[in-house]
Amino acid sequence: MYKNLTGIIAKRISPHLEEQSLLSAEQQGCHLGSKGCKDQLMISKAIYEDCRTRNKNLSMAWIAYQKAFDSVQHSWVEKSLALVGVNSKIVRFCKLSMEKWNTRLFLKTKQEVMQSQPIQIQIVVFQGVSLSPLLFYIALIPLTNELNRADCEYQVHGTERKISHLLSMDDLNC
(Lines give C-alpha, C1' and ligand atoms only; values in the text may rest on other atoms or scores of the structure.)
Protein backbone atom coordinates (compact mmCIF):
# COMPACT_ATOMS: atom_id res chain seq x y z
CA MET A 1 0.00 0.00 0.00
CA TYR A 2 2.89 2.36 0.83
CA LYS A 3 4.43 1.79 -2.63
CA ASN A 4 1.11 2.64 -4.29
CA LEU A 5 0.68 5.80 -2.22
CA THR A 6 4.23 7.01 -2.87
CA GLY A 7 3.77 6.27 -6.58
CA ILE A 8 0.74 8.56 -6.61
CA ILE A 9 2.71 11.26 -4.80
CA ALA A 10 5.60 10.92 -7.28
CA LYS A 11 3.13 11.42 -10.12
CA ARG A 12 1.94 14.62 -8.40
CA ILE A 13 5.46 16.01 -7.86
CA SER A 14 6.83 15.32 -11.37
CA PRO A 15 4.46 17.69 -13.25
CA HIS A 16 5.26 20.45 -10.72
CA LEU A 17 8.99 19.99 -11.38
CA GLU A 18 8.39 20.15 -15.13
CA GLU A 19 6.07 23.18 -14.95
CA GLN A 20 8.63 25.06 -12.84
CA SER A 21 11.53 23.97 -15.12
CA LEU A 22 13.23 22.23 -12.20
CA LEU A 23 14.04 19.01 -14.09
CA SER A 24 17.48 20.05 -15.26
CA ALA A 25 18.88 18.94 -18.59
CA GLU A 26 21.98 17.76 -16.74
CA GLN A 27 20.07 15.15 -14.68
CA GLN A 28 18.85 12.38 -16.94
CA GLY A 29 17.87 9.94 -14.20
CA CYS A 30 14.29 11.27 -13.88
CA HIS A 31 13.42 12.44 -17.39
CA LEU A 32 10.73 10.40 -19.11
CA GLY A 33 12.06 8.71 -22.23
CA SER A 34 15.67 9.21 -21.19
CA LYS A 35 18.13 6.36 -21.27
CA GLY A 36 19.95 7.89 -18.28
CA CYS A 37 23.54 6.67 -18.23
CA LYS A 38 23.52 5.76 -21.92
CA ASP A 39 22.47 9.28 -22.91
CA GLN A 40 25.06 10.82 -20.61
CA LEU A 41 27.84 8.58 -21.95
CA MET A 42 26.93 9.54 -25.52
CA ILE A 43 27.08 13.24 -24.61
CA SER A 44 30.45 12.73 -22.88
CA LYS A 45 31.77 10.89 -25.92
CA ALA A 46 30.53 13.68 -28.24
CA ILE A 47 32.30 16.28 -26.08
CA TYR A 48 35.49 14.21 -26.11
CA GLU A 49 35.34 13.85 -29.90
CA ASP A 50 34.63 17.56 -30.29
CA CYS A 51 37.69 18.39 -28.17
CA ARG A 52 39.87 15.97 -30.07
CA THR A 53 38.72 17.30 -33.46
CA ARG A 54 39.26 20.93 -32.40
CA ASN A 55 42.53 20.12 -30.57
CA LYS A 56 41.17 21.51 -27.27
CA ASN A 57 42.25 20.59 -23.76
CA LEU A 58 39.60 19.09 -21.54
CA SER A 59 39.54 17.78 -17.99
CA MET A 60 36.69 15.52 -16.93
CA ALA A 61 35.86 13.76 -13.69
CA TRP A 62 33.45 10.88 -13.18
CA ILE A 63 32.08 10.50 -9.69
CA ALA A 64 29.90 7.58 -8.63
CA TYR A 65 28.46 8.22 -5.20
CA GLN A 66 28.94 5.15 -3.07
CA LYS A 67 25.73 4.26 -1.25
CA ALA A 68 24.23 7.52 -2.49
CA PHE A 69 20.66 6.68 -1.48
CA ASP A 70 21.97 5.76 1.98
CA SER A 71 23.56 9.18 2.52
CA VAL A 72 20.63 11.58 2.19
CA GLN A 73 19.47 12.99 5.50
CA HIS A 74 15.74 13.17 5.95
CA SER A 75 15.99 16.79 7.07
CA TRP A 76 17.66 17.66 3.73
CA VAL A 77 14.93 15.85 1.78
CA GLU A 78 12.29 17.85 3.64
CA LYS A 79 14.14 21.14 3.10
CA SER A 80 14.74 20.37 -0.60
CA LEU A 81 11.06 19.60 -1.18
CA ALA A 82 10.13 22.94 0.35
CA LEU A 83 12.85 24.77 -1.64
CA VAL A 84 11.44 23.56 -4.96
CA GLY A 85 7.91 24.52 -3.95
CA VAL A 86 6.34 21.09 -3.53
CA ASN A 87 2.87 21.29 -1.96
CA SER A 88 3.20 21.67 1.81
CA LYS A 89 0.86 18.71 2.41
CA ILE A 90 3.18 16.44 0.42
CA VAL A 91 6.21 17.82 2.28
CA ARG A 92 4.43 17.11 5.58
CA PHE A 93 3.49 13.58 4.46
CA CYS A 94 7.13 12.86 3.52
CA LYS A 95 8.38 14.30 6.82
CA LEU A 96 5.91 12.30 8.92
CA SER A 97 6.45 9.07 7.02
CA MET A 98 10.26 9.39 7.23
CA GLU A 99 9.92 9.88 11.00
CA LYS A 100 8.18 6.49 11.14
CA TRP A 101 10.77 4.61 9.09
CA ASN A 102 12.44 1.92 11.16
CA THR A 103 13.84 -1.56 10.89
CA ARG A 104 14.56 -4.50 13.12
CA LEU A 105 17.42 -6.95 13.15
CA PHE A 106 16.58 -10.65 13.29
CA LEU A 107 18.90 -13.40 14.46
CA LYS A 108 17.83 -16.92 13.71
CA THR A 109 19.39 -19.62 15.86
CA LYS A 110 18.59 -23.32 16.04
CA GLN A 111 16.35 -22.71 19.04
CA GLU A 112 14.66 -19.40 18.29
CA VAL A 113 14.41 -16.22 16.27
CA MET A 114 15.51 -13.16 18.22
CA GLN A 115 14.66 -9.64 17.14
CA SER A 116 15.91 -6.23 18.13
CA GLN A 117 13.87 -3.25 19.20
CA PRO A 118 12.89 -0.96 16.31
CA ILE A 119 15.86 1.01 14.98
CA GLN A 120 15.00 4.49 13.69
CA ILE A 121 16.21 5.17 10.12
CA GLN A 122 17.44 8.74 9.80
CA ILE A 123 19.65 8.73 6.74
CA VAL A 124 18.23 6.79 3.82
CA VAL A 125 16.06 7.22 0.79
CA PHE A 126 14.61 3.75 0.18
CA GLN A 127 15.37 2.06 -3.09
CA GLY A 128 12.51 0.16 -4.65
CA VAL A 129 9.89 2.81 -3.83
CA SER A 130 8.90 4.93 -6.85
CA LEU A 131 9.09 8.19 -4.89
CA SER A 132 12.67 7.56 -3.72
CA PRO A 133 14.56 8.38 -6.96
CA LEU A 134 12.56 11.60 -7.21
CA LEU A 135 13.40 12.55 -3.61
CA PHE A 136 17.07 11.85 -4.32
CA TYR A 137 16.89 13.90 -7.51
CA ILE A 138 15.27 16.82 -5.69
CA ALA A 139 17.96 16.65 -2.99
CA LEU A 140 20.59 17.15 -5.75
CA ILE A 141 18.93 20.17 -7.39
CA PRO A 142 20.97 22.66 -5.28
CA LEU A 143 24.21 20.89 -6.36
CA THR A 144 23.17 21.18 -10.02
CA ASN A 145 22.37 24.87 -9.54
CA GLU A 146 25.76 25.54 -7.92
CA LEU A 147 27.65 23.67 -10.66
CA ASN A 148 25.78 25.72 -13.27
CA ARG A 149 26.71 28.95 -11.46
CA ALA A 150 30.40 27.95 -11.30
CA ASP A 151 30.85 29.07 -14.94
CA CYS A 152 32.93 26.01 -15.87
CA GLU A 153 31.08 25.00 -18.99
CA TYR A 154 32.03 23.44 -22.27
CA GLN A 155 30.58 25.02 -25.39
CA VAL A 156 29.80 22.27 -27.88
CA HIS A 157 31.08 23.43 -31.28
CA GLY A 158 28.32 24.45 -33.67
CA THR A 159 25.61 24.58 -30.98
CA GLU A 160 24.27 27.00 -28.41
CA ARG A 161 24.47 24.36 -25.69
CA LYS A 162 26.95 24.71 -22.84
CA ILE A 163 27.53 21.77 -20.51
CA SER A 164 29.02 22.05 -17.03
CA HIS A 165 28.12 18.59 -15.74
CA LEU A 166 25.99 15.55 -16.36
CA LEU A 167 24.06 13.56 -13.77
CA SER A 168 22.37 10.22 -13.97
CA MET A 169 20.85 9.80 -10.53
CA ASP A 170 23.93 9.05 -8.39
CA ASP A 171 26.61 9.36 -11.10
CA LEU A 172 28.19 12.76 -11.72
CA ASN A 173 30.35 13.68 -14.70
CA CYS A 174 31.91 17.13 -14.68
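Biologist: How many helices and strands are there in the protein?
Modeller: This is a predicted model, and the protein has five helices and nine strands. Going along the sequence, they follow the pattern α-α-β-α-α-β-β-β-β-α-β-β-β-β. Of the 174 residues, 34% count as buried.

Biologist: Okay, now helix packing. What describes two packed helices?
Modeller: You describe them by the angle between their axes and the distance between the axes. Here, take helix α3 (residues 74-83) and helix α5 (residues 131-149): their axes come within 9 Å and cross at roughly 75°. Angles of 65 to 115 degrees count as roughly perpendicular, so α3 and α5 are roughly perpendicular to each other.

Biologist: Which residues in α3 and α5 meet?
Modeller: From α3 you have Trp-76, Val-77, Ser-80 and Leu-81, and they meet Leu-135, Ile-138, Ala-139 and Pro-142 in α5. By class, that contact has seven nonpolar residues, one polar and no charged.

Biologist: And cavities? How many of 30 Å³ or more does a search of the whole structure find?
Modeller: The search finds one. The largest cavity holds about 60 Å³ of space.

Biologist: Which residues line the largest cavity?
Modeller: The lining is made of Tyr-2, Thr-6, Cys-94, Ser-97, Met-98, Trp-101, Val-129, Leu-131, Ser-132 and Leu-135. The elements giving two or more residues to that lining are α1 (2-19), α4 (88-100) and α5. Sorted by class, the lining has seven nonpolar residues, three polar and no charged. Notice Leu-135: this residue lines the cavity and is also one of the α5 residues that meet α3.

Conventions:
Residues numbered from 1 in each chain as written. Predicted model: local features only at pLDDT ≥ 70, side-chain atom pairs only at ≥ 80, totals over all residues. Heavy atoms only, no water. Axes fitted to C-alpha atoms, helices over the stretch in contact; angles between N-to-C directions. Helix = DSSP H or I, 4+ residues; strand = E, 2+ residues; numbered from the N terminus. Parallel < 35°, antiparallel > 145°, perpendicular 65-115°, else oblique. Contact = heavy atoms within 4.5 Å. Nonpolar A, V, L, I, M, F, W, Y, C, P; charged D, E, K, R; others polar. 1 Å grid on protein atoms, 1.4 Å probe; cavity = no way out; pocket = protein on both sides within 12 Å on 5 of 7 lines; lining within 4 Å. Points joined across faces, edges and corners; volume = space filled by probe spheres on them. Buried < 20%, exposed > 50% of the residue type's maximum accessible area, 1.4 Å probe, protein only.
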